[in-house]
Amino acid sequence: MAANRQVLALTEDLTCSICLSLFVEPVRLDCDHNFCKSCIQKCWENQSEVVSCPECRAVFPQKCYKSARVLANLCEKTRQLDLKLDREAVGSHCEEHDEKLKLFCEDDLSLICVICRDSPAHSEHSFLPVGDAVKKYKELTGTLEQHISKQFAKIHQYLQDKETCLIEELRMQREEDFQLMETNLAVIDEELKPLEEDISNLQAVIDQQDNIIFLKEMKRLPERCLGNEGEEGSDVDDADDEDDDENDDDDDDESEESGSEGSGSGSEEHDEDTVGFNVLTLGEFRGPLLYAIWKEMKEIISPVPVPLTLDPNTAHPQLILSDNLTSMKLGDMEVPLLNNLERFDEYPCVLGSEGFTLGKHYWEVEVGDIPDWLIGVATESANRKGEINPFPENGYWTLSLTNGDEYETDEILKLSVKPRTIGVYLDHEGGQLSFYNADDMSHLFTYTDTSTEKLFPYFALIDIDKNAKPLKLRHLVV
């Protein structure tokens, strides 16, 4: 490690500021700055007789420099030492040019050497020195970590608040039920007091030793102990008590009638006071609790899946749209329609009825086993007439499937699992369009581009079996 740091420090002093590599045939200018001979010649080739130093901007009346032999020898020794150390570090050199990987291509997200930088494969690409790239992407990774943590923190906080709320509701429900139980027990205690007195009276009669008194008390037993002067008691009456019996019968009728009414009223009152405790099963807290919470969580989900519909004014005449404008399939022939400016007239394409100029949006499309389709977004000004090349430079950002197994964006995708539902995420201000396998939410591809125009969801069916199932827009059902 110490040797590597020393070589790195030495290399920085022996690096050409133009090509960022060790000097090759170094030359010295009158201002004492050094450059590769080929680098300074290339820099001066478009200048007139009066030239300047690329580093300090000193002006010279003519193109003049001196060979720096000592510097060349130092560079060669450093190059050999650097090569020896680098070969010990696997993967530090370009396999094609055997040059050190000093640059990071931001377009291809790959390490390259200075020779690769000038190749056609990296034409017009953006590059960063390896150190700057590491710093930048570490910062990016940190930002993404914060974003992920923030999103999950929102969910965690929501679930924690909901848990606290439900536990508090359960506690209050429990206290209310306990209070009801205490009230019912008090009512029962009050009803038991006269029953205990009746039992005591009944026991006194049973314990009576005098047979005559016992039999006389039997007649009054219903009245004294049970509060019910039934007709059965009249069979035991003595002849001497006929008048009393008649009076008693009249009283019995009135008592029986009023008693019947009183009994019903008492029963209703008892039912109201002593409510059944089946409420303790607490179905509110024992049902599909997680599903209920999930349905409520849509309030904190962003973006919520957009309930898209298709725009019939843009639909190609061969497309058949459903009545609710949420599905499409190819017809046997083109239907005669007004060829308005919005309508696609060459390929069976259609746009969504809603466009987006701001915000983040997500929608899902059921493709099932359809072998050929295109899904993505299109700018409002993108060409809809004649032949369409659905590429970003033409205002189309798409994911396509052809022949049932060839997935393509602006590059060929190799997918191990065939998606049956495609998720599309659009961040207009962030310049991002991402595609997902909505069956398991695995990422498929992301475009990073910007557009100031309104962007519309875009769908197309190309050369498929007319009997194939329709392509459908999925709406979230909660």
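**Close-up views of a predicted model**

**View 1. K136 and its salt-bridge partner.** With a relative accessibility of 40%, K136 falls into the partly exposed class. This is a predicted model, so keep that in mind for each of the views here. The side chain of K136 meets that of E106 in a salt bridge, at 2.3 Å from N to O. K136 belongs to helix α5, while E106 sits in the loop between β6 (103–105) and β7 (110–112), so the bridge ties together parts that are 30 residues apart in sequence. E106 is partly exposed too, with a relative accessible area of 22%. The whole structure holds 8 salt bridges.

View 2. K193 and E190 pair up through their side chains, with 3.5 Å between N and O. These two are 3 residues apart in helix α5, which means about one helical turn separates them. In an α-helix there are 3.6 residues a turn, so residues three or four places apart point the same way. K193 is partly exposed, at 47% relative accessibility. Also shown are E168, R171 and E175, which are linked in a network of salt bridges.

**View 3. R420 and D369, a bridge from loop to loop.** The closest N and O atoms of this salt bridge between R420 and D369 are 2.6 Å apart. R420 comes from the loop between β16 (412–413) and β17 (421–427), and D369 from the loop between β12 (360–366) and β13 (373–379), so the pair ties together parts that are 51 residues apart in sequence. R420 is partly exposed, with a relative accessible area of 43%, whereas D369 is exposed, at 54%.

**View 4. The two sides of helix α2.** Helix α2 covers residues 37–44, and its buried residues are C39, I40 and W44. They take up an arc of only 120° around the axis, and that is why they count as being on the same side of α2.

View 5. L185, I188, L192 and L195 make a nonpolar surface patch of about 340 Å². One of them, L195, is placed in helix α5, residues 130–206. L195 is partly exposed, at 46% relative accessibility. The negative surface patch is built from E393, D405, E406, E408, D410 and E411. Within it, E408 lies in strand β15, residues 406–408. A relative accessibility of 34% makes E408 partly exposed.

View 6. D32 isn't a glycine, yet its phi is positive, near 75°. Look for D32 in the loop between β1 (26–28) and β2 (34–36). N403 isn't a glycine either, and its phi is about 60°. This residue is found in the loop between β14 (396–402) and β15. N403 counts as exposed because its relative accessibility is 55%, and the cut-off for that class is over 50%.

View 7. M297 lies in the loop between α9 (289–296) and β9 (319–321). At 14% relative accessibility, M297 is buried. M297 and I155 are 142 residues apart in sequence, but the C-alpha to C-alpha distance is 8.2 Å.

Conventions
Residues numbered from 1 in each chain as written. Predicted model: local features only at pLDDT ≥ 70, side-chain atom pairs only at ≥ 80, totals over all residues. Heavy atoms only, no water. Patch = residues over 30% accessible without salt bridge, like charges linked within 9 Å, V, L, I, M, F, W, Y side chains within 5 Å. Areas by Shrake-Rupley, 256 points an atom, 1.4 Å probe, with all protein chains shown as cover. Salt bridge = Lys/Arg side-chain N within 4 Å of Asp/Glu carboxyl O. Lys, Arg positive; Asp, Glu negative; His and termini not counted. Charge placed at Lys NZ, Arg CZ, Asp CG, Glu CD. Helix = DSSP H or I, 4+ residues; strand = E, 2+ residues; numbered from the N terminus. Buried < 20%, exposed > 50% of the residue type's maximum accessible area, 1.4 Å probe, protein only. Arc of directions from axis to C-beta.
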